[in-house]
Each structure stands twice: as C-alpha cells, then as structure tokens.
Amino acid sequence: MHKQRRFASLRSIGALVLREMATSYGRSPGGYFWAVAEPVGGIVLLTLIFSLGFRTPSLGTNFAIFYATGILPFLAFNSIANRVANSIKQSKALLAYPAVTFMDAILAKAIFNIVTQLLVAYIIFTFIIFTQDTRTDPQILGIAFAFLMSFTLAIGVGCLNCFLFNAFPWWQQVWSIITRPLFLMSCIFFVFDDLPNVVKPYLWFNPLIHVVGQMRRSFYPSYHGDYVSPLYVFAVALIPMVIGIALLQRYHRDLLNS
C-alpha cells in the first residue's frame with residue numbers, strides 16, 4: 001500500500017505539472033516557450049536600460065553580468081514563492097479527489113517554476129558571457145548552491161503563505177506591500193560591503209542578501225563575501241516551511257471547504 005501511494009503521488013505531481021504548463025501557456029501560440037521568453041526578454045531589457053545608467057558596477061567592469069547575478073536569484077525567489085503560495089487556491093477543484101494531496105499541488109508548482117527559472121538563468125548567463133567581455137570566472141557548483149538557497153527559501157516562505165493566503169485573504173495584499181522594498185534592499189544594484197555601517201547589521205537579516213552574495217562570489221573570484229551565511233538562509237527557509245506544512249496538514253480540509 002505504501003509503494004502504491006508513492007507511485008500515485010508521483011503520477012499526481014506529474015499530471016499537475018503538465019496541467020500547470022497547459023493552463024498557463026497552452027492556449028497561447030508558442031506554448032511553454034513564453035514561460036521562458038517573457039522573463040528572459042524582460043530581464044534583458046532591464047539589463048540594457050540599467051547598463052546605460054550604471055556603466056561602472058560595484059564589482060568587475062560589466063554591469064550586465066553584475067545586474068544579472070543579482071536580479072536572477074531574486075526573481076527566482078519571488079516567482080516560486082508566489083506560485084507555491086497560491087498552489088492550493090488554484091488547485092481547489094483537483095484537491096477534492098482523494099488521490100491528490102496539498103503536497104502534490106505544492107511540489108508540482110515548485111518543480112514547474114524551478115525548471116523554468118533555471119532555463120531563464122541559463123539563457124541569460126550564457127548570452128551575456130558569450131556576447132560581452134564580463135571578465136568573470138563562473139563556478140558551476142557555487143551558482144547551483146546559490147539557486148538551491150533561493151529555491152529553498154522560496155518554498156519555505158511559499159508554504160507558510162499558502163496557509164496564510166487561504167486562512168486570511170487580506171494577508172496577500174499586506175504581503176505584497178511589505179515585500180515591495182525587497183527589490184531595493186537585496187543588494188541587486190550594489191554589494192553589501194558598500195552599505196553604510198549604520199544599516200549593515202539590520203539588512204544582514206534579509207536572507208536574499210546572502211543569496212545574491214553567494215551568486216556573486218561564484219562569478220567574481222576576488223569577491224569573498226564573508227558575510228554570506230548559508231546556514232542562516234536555510235534556517236529562515238526551513239522554519240516557515242515546517243510551520244506552513246504543519247498548519248496545512250491540520251487545516252487544509254477546512255480551507256478547501258471555506
């Protein structure tokens with residue numbers, strides 16, 4: 001029975017991933033192509049715009065790669081966290097079937113968007129490195145670890161918000177408001193070392209700063225990023241993940257019937 005349930009769960013997750021692909025992009029010409037092309041086009045456009053205004057980055061000589069190392073892990077976190085947080089709300093009809101669990105819906109959302117974000121990052125990094133003189137030395141393991149930090153943090157925050165968004169609908173608007181400054185507070189346009197000493201102790205507690213720092217020291221060999229603490233990021237990710245899953249396990253039926 002245990003083996004059969006595991007197999008059924010994998011089938012459910014696979015079906016939900018295909019459903020996510022079909023419902024999100026299946027009706028538009030190009031299909032899944034736009035899931036990758038839209039964020040790639042947006043990031044390339046932003047990179048070109050900011051490159052004109054910020055010709056000398058805080059690290060290296062190329063603003064495009066500097067900006068990409070900051071914005072890609074940030075957008076990966078933001079996209080996956082939001083999709084996971086809305087996974088139950090968008091899959092209520094399917095969750096009525098006993099074979100589909102709330103964890104299936106969460107994992108399907110996470111897997112689909114992780115694959116998408118990795119494709120986006122691969123295309124953008126490859127394009128910048130092969131078309132411009134970045135003078136960087138990308139370390140694959142370090143880059144993968146930075147994305148692991150970003151994905152884990154996104155799933156952790158998304159699991160807790162998955163419960164909160166359904167239990168307290170007003171929290172979704174509040175969350176949107178309080179997280180808007182993260183774009184400026186996550187060291188996307190500068191490095192943590194350049195911040196005034198007055199604000200450093202407070203911004204250090206923003207886990208996205210550690211994610212961006214890990215990504216940048218994987219591209220710039222001379223950048224040590226001693227402030228980066230993966231242990232802190234994983235702790236911040238796992239605590240809301242455990243709390244969120246526990247609350248969903250206890251109340252997901254009530255949330256579906258509300």
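1. Let's begin with how α11 and α12 meet. The crossing of helices α11 and α12 is left-handed, meaning the near helix is turned anticlockwise from the far one by less than a right angle (clockwise would be right-handed). Bear in mind that this is a predicted model, where local features need pLDDT of at least 70, side-chain atom pairs count only at pLDDT 80 or more, and totals for chains, interfaces and linings use all residues. Residues are numbered from 1 along each chain as its sequence is written, and side-chain values use heavy atoms, leaving out hydrogens and water.

2. Now the numbers for that pair. α11 covers residues 207–217 and α12 covers 230–257; their axes are 9 Å apart and they pack at about 135°. So α11 and α12 are oblique to each other (under 35 degrees is roughly parallel, over 145 roughly antiparallel, 65 to 115 roughly perpendicular, the rest oblique).

3. α11 also packs on α3, at an angle of about 135° with the axes 9 Å apart. The crossing of α3 and α11 is right-handed.

4. Have a look at T61, in the loop between α2 (33–53) and α3 (63–85). With a relative accessible area of 48%, T61 is partly exposed (buried is under 20%, exposed over 50%, partly exposed in between, using a 1.4 Å probe and protein chains only). T61 and D194 are 133 residues apart along the chain, and their C-alpha atoms are separated by 16 Å.

5. Finally, W170 sits in helix α8 (residues 170–178). W170 counts as exposed because its relative accessibility is 53%.

Technical notes: Helices (H or I, at least four residues) and strands (E, at least two) are DSSP runs, numbered from the N terminus. Axes are lines fitted to C-alpha atoms, for helices over the stretch in contact, and angles run from 0 to 180 degrees between N-to-C directions.
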